[in-house]
Amino acid sequence: MDYLKVIGQKKLQGSVTISGAKNAALPLLAATILSKNKITIDNLPIVADIKTLLKLLEMLGSSYSLDKSMLQIDSTSISKTKATYDIVKTMRASILVLGPLLARFGHCEVSLPGGCAIGQRPVDLHLKALEQMGAKIEIKNGYIQATTDGPLQGAKIIFDKITVTGTENIVMAAALAKGTTTIINAAKEPEVVQLCEVLKDAGVDIQGIGTNEITIQGKNQELLNMKDFTIIPDRIEAGTYLCAGAITNSILTIQNARADHLDAVLSKLEQMGFMIIKENSSITILPANRIKPVNITTTEYPGFPTDMQAQFMALATMADGVSIIDETLFENRFMHVGELVRMGADITLNGTVATIKGTPRMLYGADVMATDLRASSALVLAALVAKGETNIHRIYHLDRGYNKLEEKLTNLGASILRGKEKL
Ligand code: UD1
């Protein structure tokens, strides 16, 4: 197992290029199941979660070739319809093959994802919506067994809660269903928008893209003529590097970023005293005279993303005053708190609310444990400003979602090395 050794308090400077969005790439790879032709996908982020989904698609019968961040994938030859436990257990987003497999083949089996570090994360809303579209769903031996008689049927789906992968699963299922599907209370995340746009380019009539009501005219099991496309930049990776600039109070430019996807994050950085300059596809952060405390409530897009909560908590430890962070989406997404406290942070938790008493330059190096993907990046950020050396263990969580993290941070001036744990 790998760990990261970070020597803190190095000033960062320069620019860093943001990779493609993992959370856009995952549903888009799953959507290739709906295609009748080979597709070239550019700006694919090469991170562990993407490799896992490619492995799953390969097990189902897809073939692909990868040249740096350019993927050629042919999912026309898929013949198997079972997503097995060993794959799904390593990545919950494997659930994204459920909608497209069922829509194309009329049957599939997908291992039920278990709980995960950040909360229980059920998939009941995905299943209920597919049932409304005519699927028969049984849970047997830990598997979701789904079948339909003929094509899925268009339906009016009202999600009780806004769900990102739930919306994506149903959009993909609806693309091949018979008739019209309307999703009410749909997710509006940029990753959902790109999925809808790629399906629209493939000939599916989709209205209401980027709103909370999406209407899809199904193609009645006729496979789609998908066009080549480029994955949008990763707004969470971009936000994480902006926080690296902020926490070290450095001038830092991120390239290949979409400022319009980062409004909530940029606005919080500005409230904390940082100046933000947006230019075409780059964003520059300038140091703050005084890092001010901040109040944050995580919500669905376009609100403040839960995937940036841990990074802002690390940043808030450096603020001059008390910050409050309310996590409304995942019940257990505070695993980084204990680790930040090991590094000297003053954080108290009360239910979903964390109170962070910031003091500039209070953190010191320690041995800490990564517990989930974004919690891991918060520990890296904290380590960048901590006095002395921090060793971050279990960084396989980090590798799930950050492309070339050490290389990118080293190029910016950080001292960060990957090592192998001694057993
Ligand atoms: C996606 C993102 C993840 C992000 C999250 C919220 C991907 C691959 N992952 O996860 O990075 O943190 O959105 O922005 O895109 N819920 C239910 N029943 C369901 C589905 C969801 O109760 O069937 C609940 C969840 O427990 C959670 C809330 O709804 O409290 C939102 O979850 P959801 O949007 O579904 O998250 P994911 O799509 O899994």
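An oxygen atom of the ligand sits 3.2 Å from a polar backbone atom of P122. This is a predicted model. The side chain of D124 brings an N or O atom to 2.7 Å from a nitrogen atom of the ligand. V164 uses its backbone instead: an N or O atom there lies 2.8 Å from an oxygen atom of the ligand. Taken alone, the ligand exposes 740 Å², and the protein buries 88% of that.

| Residue | Protein atom | Ligand atom | Distance |
|---|---|---|---|
| P122 | polar backbone atom | oxygen | 3.2 Å |
| D124 | side-chain N or O | nitrogen | 2.7 Å |
| V164 | backbone N or O | oxygen | 2.8 Å |

**The shell**

Which residues come nearest to the ligand? Of the 19 around it, they are D124, T163, T165, D307 and L329. By class, the shell has nine nonpolar, five polar and five charged residues.

α1 (22-31), α5 (124-132) and α6 (164-175) each supply at least two of its residues. Which element gives the most? That is α5, with three residues.

Strands of a sheet pair through backbone hydrogen bonds, either parallel or antiparallel.

Strand β19 covers residues 321-326 and strand β21 covers residues 353-358. The two run antiparallel and are joined by six bridges. V322 has K357 of β21 as its bridge partner.

**The sheet with β4 and β5**

Another open sheet also has mixed pairing, and its four strands follow the order β4-β5-β3-β14. Which strands stand at its edges? They are β4 (63-67) and β14 (229-230). Each has a single partner strand, so one side of each is left without a neighbour in the sheet.

For β4, pairing with strand β5 (residues 70-74) is antiparallel and spans five bridges. Within β5, L71 stands opposite L66.

Technical notes:
Residues numbered from 1 in each chain as written. Predicted model: local features only at pLDDT ≥ 70, side-chain atom pairs only at ≥ 80, totals over all residues. Heavy atoms only, no water. Near = heavy atom within 4 Å. Polar contact = N/O pair within 3.5 Å; in protein donor to acceptor, adjacent residues only side chain to side chain. Areas by Shrake-Rupley, 256 points an atom, 1.4 Å probe, with all protein chains shown as cover. Nonpolar A, V, L, I, M, F, W, Y, C, P; charged D, E, K, R; others polar. Pairing = 2+ DSSP bridges.
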